[in-house]
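These are my notebook entries on a structure that is new to me. I set down what I looked up, in the order in which I looked.

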Amino acid sequence: MEDGQERLDGGAPGERPPTGGVPAQGWPGEPAGDVYDWFRRGAKLLAQGHPAAAEQLLARAAEAEPHSRSIREALARAQFDAGSYAAALENFRAVALADPSDDYAQFGWGVAAARLGDFETSAEHLALAVAMRPEADHYRAALRQTRATLAARAGAYGPLLPGVPAGRDGRGREPGAGLPGRSGESPAASTTTPDRAGSDEQTNRSE
């Protein structure tokens with residue numbers, strides 16, 4: 001896996017994957033399977049463009065394993081794509097606070113803050129993401145966009161996003177487009193293998 005590839009592809013150093021256990025107390029109408037199954041199915045739904053359904057499964061997985069950064073990140077992506085920007089921000093924030101060197105969590109925090117109108121916070125975290133991974137075009141584009149918005153608010157009007165055509169929503173994205181993954185691809189282009197659980201989890205389950 002190349003450095004910076006979207007988290008749905010594989011694991012992150014130093015994090016234990018979801019254990020696959022289920023909570024002692026179930027929920028009414030609890031889906032079949034264990035935490036790993038919920039995670040995997042939620043990731044697949046997200047990749048297929050069904051963020052609301054993905055959010056339901058991933059929220060249950062996150063409740064069962066609240067310290068799993070991989071589950072929280074996938075949940076944050078689903079929440080963002082479903083339009084739940086405040087909830088997405090809180091989950092990206094939790095991942096970033098657990099690992100401040102996590103560039104994608106900083107990026108997610110920044111874009112969620114922008115959607116909530118907090119462009120100062122957005123610029124701060126997008127700048128961190130760009131500093132950690134300057135080759136990521138989508139990180140740089142998001143930062144330029146946020147800084148352009150701040151400049152426009154201060155009266156320095158100019159192109160909203162220099163060099164990048166704005167989308168129909170005026171933010172450089174088409175309405176309803178999913179949050180880009182680590183490599184900048186759309187969610188529909190992502191693999192269905194759960195993030196961070198990856199091959200290690202599959203290997204453990206096959207032993």
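**Entry 1. Conventions and overall make-up.** I took helices (H or I, at least four residues) and strands (E, at least two) as DSSP runs, numbered from the N terminus. On that basis I found eight helices and zero strands in the protein chain. Read from the N terminus, its elements run α-α-α-α-α-α-α-α. I note that the model is predicted, that local features need pLDDT of at least 70 and side-chain atom pairs pLDDT 80 or more, and that totals for chains, interfaces and linings use all residues. Residues are numbered from 1 along each chain as its sequence is written, and side-chain values use heavy atoms, with hydrogens and water left out.

**Entry 2. Burial and contacts.** I called a residue buried under 20% relative accessible area, exposed over 50% and partly exposed in between (1.4 Å probe, protein chains only). Of the 207 residues in the protein chain, 45% are buried. I counted a contact where heavy atoms lie within 4.5 Å. Among contacts with a separation of 6 or more, 58% join residues 24 or more positions apart.

**Entry 3. Helix H2.** I looked up H2, residues 51–64, and found that its 14 residues reach 20 Å from first C-alpha to last, close to the 20 Å expected at 1.5 Å a residue. The expected span is 1.5 Å times one less than the number of residues. Which residues of H2 are buried? They are Pro-51, Ala-54, Glu-55, Leu-57, Leu-58, Ala-61 and Ala-62. These buried residues pack against helix H1 (35–47) and helix H3 (69–81).

**Entry 4. H2 against H3.** I took axes as lines fitted to C-alpha atoms, for helices over the stretch in contact, with angles from 0 to 180 degrees between N-to-C directions. H2 and H3 pack at about 150 degrees, their axes 8 Å apart. H2 is therefore roughly antiparallel to H3; angles over 145 degrees count as such, under 35 as roughly parallel, 65 to 115 as roughly perpendicular and the rest as oblique. In the contact, Pro-51, Ala-54, Glu-55, Leu-58, Ala-59, Ala-61 and Ala-62 of H2 meet Ile-71, Ala-74, Leu-75, Ala-78, Gln-79 and Asp-81 of H3. I sorted the contact residues into 10 nonpolar, one polar and two charged. Here Ala, Val, Leu, Ile, Met, Phe, Trp, Tyr, Cys and Pro count as nonpolar, Asp, Glu, Lys and Arg as charged, and the others, Gly among them, as polar.

**Entry 5. H3 against H4.** Next I examined H3 and helix H4 (residues 85–98), which pack at about 155 degrees with axes 8 Å apart. They are therefore roughly antiparallel to each other. The residues of this contact include Arg-69, Arg-72 and Phe-80 of H3 and Tyr-85, Phe-92 and Ala-98 of H4. The contact divides into 10 nonpolar, two polar and four charged residues.

**Entry 6. Helix H4 itself.** The buried residues of H4 are Ala-88, Leu-89, Asn-91, Phe-92, Val-95 and Ala-96. I found that they pack against H3 and H5.

**Entry 7. Two loop residues.** Asp-99 lies in the loop between H4 and helix H5 (103–115). Asp-99 counts as partly exposed, because its relative accessibility is 23%. The C-alpha atoms of Asp-99 and Arg-69, 30 residues apart along the chain, are separated by 9.0 Å.
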